[in-house]
Amino acid sequence: MRDIVTFENVTVRFGHHVALQDISGGFHEGSLTAIAGPNGAGKSTLLKTIVGIVRPRAGRVVIERQTPISYLPQASSLQRDFPLSVMQAVCTGLWGGIGNGGSISKAMREKARQALAEVGIGGLEERQISGLSGGQFQRLLFARVILQNAPLILLDEPFTAVDAETTARLIQIVLGWHRQGRTVICVLHDLLLIQKYFPDSFVLAGKCLGHGHTHKMLEQKLLSFDLDMAELCPGTEDETHHRHEHDHA
Amino acid sequence: MTTLDLIVDPFTQYAFMRRALASCVILAIGGTPLGVFMTLRRMTLMGDAMSHAILPGVALAFVSSGLALLPMTLGGLAAGVFVALFAVFLTRFTSMKEDASFTLLYLLSLAGGVIIISLKGSNVDLLHMLFGNILAIDTDSLTLMAVVACATLFTLAGFYRGLVIECFDPDFARAAQRGRSWASVIFFVLLVINLIAAFQALGTLMALGLMILPAIATRFWTRNIDTIIPLSILCALVASVIGLLTSYYTKIPAGPAVVMTAGTISLLSAMLGRHGSVYAYIRNWD
């Protein structure tokens with residue numbers, strides 16, 4: 001199996017803080033991988049390094065054949081009250097193709113409508129995004145990924161603060177992308193979801209603790225419900241570090 | 001004497017009123033769309049800091065060559081670029097956050113600028129620098145404002161889609177360009193040249209007035225990005241006419257009158273607007 005994304009000794013620093021330390025390894029074409037790890041482990045940074053938002057201090061990230069990437073940022077990094085309609089917001093996914101000057105054709109609009117219907121918010125095209133619930137907004141972001149139609153898809157915490165019904169629907173969409181042979185890399189917190197739906201896991205805590213089949217990560221106790229609990233309780237940062245030192249011992 | 005006469009006469013009779021109106025119209029058309037983007041990017045305070053940052057450059061030019069337009073413009077541009085780069089440097093290499101870096105530098109700039117002017121100029125010169133003199137705009141200044149307004153409009157139109165996406169979802173925009181992002185640079189350059197244009201009319205302390213205040217007011221009336229910009233321009237024009245006429249009939253200074261009017265419209269909008277105002281808050285109270 002070919003690797004579509006390869007990390008070669010990647011180190012990322014923000015000032016004095018080391019976010020990622022000497023990460024190496026590849027993501028297979030067509031794989032569905034969960035990025036797991038405690039808060040501040042560098043999970044989002046890993047995705048940002050792949051899309052080029054963050055530049056490595058050392059090492060490099062190789063993307064096979066300049067594969068087009070669709071990137072879904074954390075919902076909190078977007079302006080939820082921005083004066084755009086749902087249709088306008090989903091059509092931002094066309095920007096990579098048509099640029100600043102190109103016009104949006106009827107066919108593109110139809111595709112955007114289909115994408116919105118697929119995520120279950122068809123009919124809300126003219127609604128302002130400020131009027132959407134958290135779940136509806138996340139569905140909108142998924143519709144944009146569908147519209148981008150890229151072979152490599154990066155999702156940053158797509159199920160955080162989203163209702164159960166939305167999560168169930170969006171998981172099905174992720175599995176659909178996997179069946180279509182797209183490569184999906186997803187940062188998420190919920191160990192139950194990882195265990196149930198994600199064949200591969202990448203366990204991160206500044207450095208790569210493990211990467212491979214999810215059931216093996218579970219067997220090796222790299223992924224554990226204990227870890228998950230630490231993430232759910234804020235203010236346990238020190239304990240988390242402590243436990244990782246313990247893990248290495 | 002009809003109401004229409006009261007509105008039209010000051011402009012038909014006096015050239016200085018026509019020039020003041022022309023400069024307001026140009027600033028409204030060029031600067032206000034930029035102001036809309038600045039409110040959307042939440043960089044209005046940064047813009048305010050930059051409007052003070054240009055003062056030392058303008059002041060040095062004034063001390064060396066008097067009230068000549070070209071040296072003052074170039075001086076302001078140089079000072080603005082220097083302060084912005086220095087603020088970025090301080091933010092990156094010290095523990096200071098962006099707001100603290102900009103505040104430190106703009107206070108230094110403001111104090112330094114006032115000291116430089118007072119070394120050679122009179123109090124009248126100082127007032128001119130701080131608050132502008134919208135009733136004494138010469139043809140060269142008007143030309144500069146018009147050139148800046150055209151450059152701003154063409155740039156915003158050319159990059160409109162990308163700039164909107166960058167404001168709405170910056171990480172997505174940067175990812176789509178594989179990490180490269182020109183939006184910040186474009187905004188910054190447009191901001192500095194617009195501040196220098198507005199400086200002539202409204203001075204370093206109120207240069208942002210016609211740029212930002214109408215943009216703030218409009219957000220309370222529409223939620224559509226495509227109507228916010230024309231509505232903001234309209235609001236700036238109305239504020240300009242009301243402000244100038246108020247100044248003419250009551251003898252209060254013209255620049256502050258225009259900014260006061262725009263500010264009052266913004267405040268009334270925040271109270272009574274359709275979206276996100278105090279009125280909307282009470283109406284939705286269950």
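At roughly what angle do the axes of helix 2 and helix 10 of chain B cross? In this predicted model, local features need pLDDT of at least 70 and side-chain atom pairs count only at pLDDT 80 or more, while totals for chains, interfaces and linings use all residues. Residues are numbered from 1 along each chain as its sequence is written, and chains are lettered from A and ligands numbered from 1 in the order in which they are written.

The axes of helix 2 (residues 15-40) and helix 10 (residues 183-206) of chain B cross at roughly 150° and come within 10 Å. Axes here are lines fitted to C-alpha atoms, for helices over the stretch in contact, with angles from 0 to 180 degrees between N-to-C directions. Helix 2 of chain B is therefore roughly antiparallel to helix 10 of chain B (over 145 degrees; under 35 is roughly parallel, 65 to 115 roughly perpendicular and the rest oblique). On the helix 2 side of chain B, B:Ser23, B:Leu27, B:Gly30, B:Gly31, B:Leu34 and B:Phe37 take part, and they meet residues of helix 10 of chain B including B:Phe187, B:Leu190, B:Asn194 and B:Ala201. Contact means that C-beta atoms, placed from the backbone, lie within 7 Å. The residues of this contact comprise nine nonpolar, four polar and no charged (nonpolar being Ala, Val, Leu, Ile, Met, Phe, Trp, Tyr, Cys and Pro; charged being Asp, Glu, Lys and Arg; the others, Gly among them, polar).

Turning to chain A, ten helices and nine strands are found, taken as DSSP runs (H or I, at least four residues, for helices; E, at least two, for strands) numbered from the N terminus. One open sheet has six strands in the order 5-6-7-3-8-9, with mixed pairing; two strands pair if DSSP finds at least two bridges between them. Strand 5 (69-72) and strand 9 (207-213) of chain A each have a single partner strand, so one side of each is left without a neighbour in the sheet. Strand 5 of chain A runs parallel to strand 6 (residues 152-156) of chain A, joined by four bridges, and A:Ser70 has A:Ile153 as its bridge partner in strand 6 of chain A. Helix 1 (residues 43-51) of chain A lies across several strands, among them strand 6 of chain A, to which it runs at about 150°.

A second open sheet of chain A has three strands in the order 2-1-4, with antiparallel pairing. Strand 1 (residues 3-14) of chain A pairs with strand 4 of chain A over five bridges, and A:Phe7 is partnered by A:Val61 in strand 4 of chain A.

Notes:
Contact = placed C-beta atoms within 7 Å.
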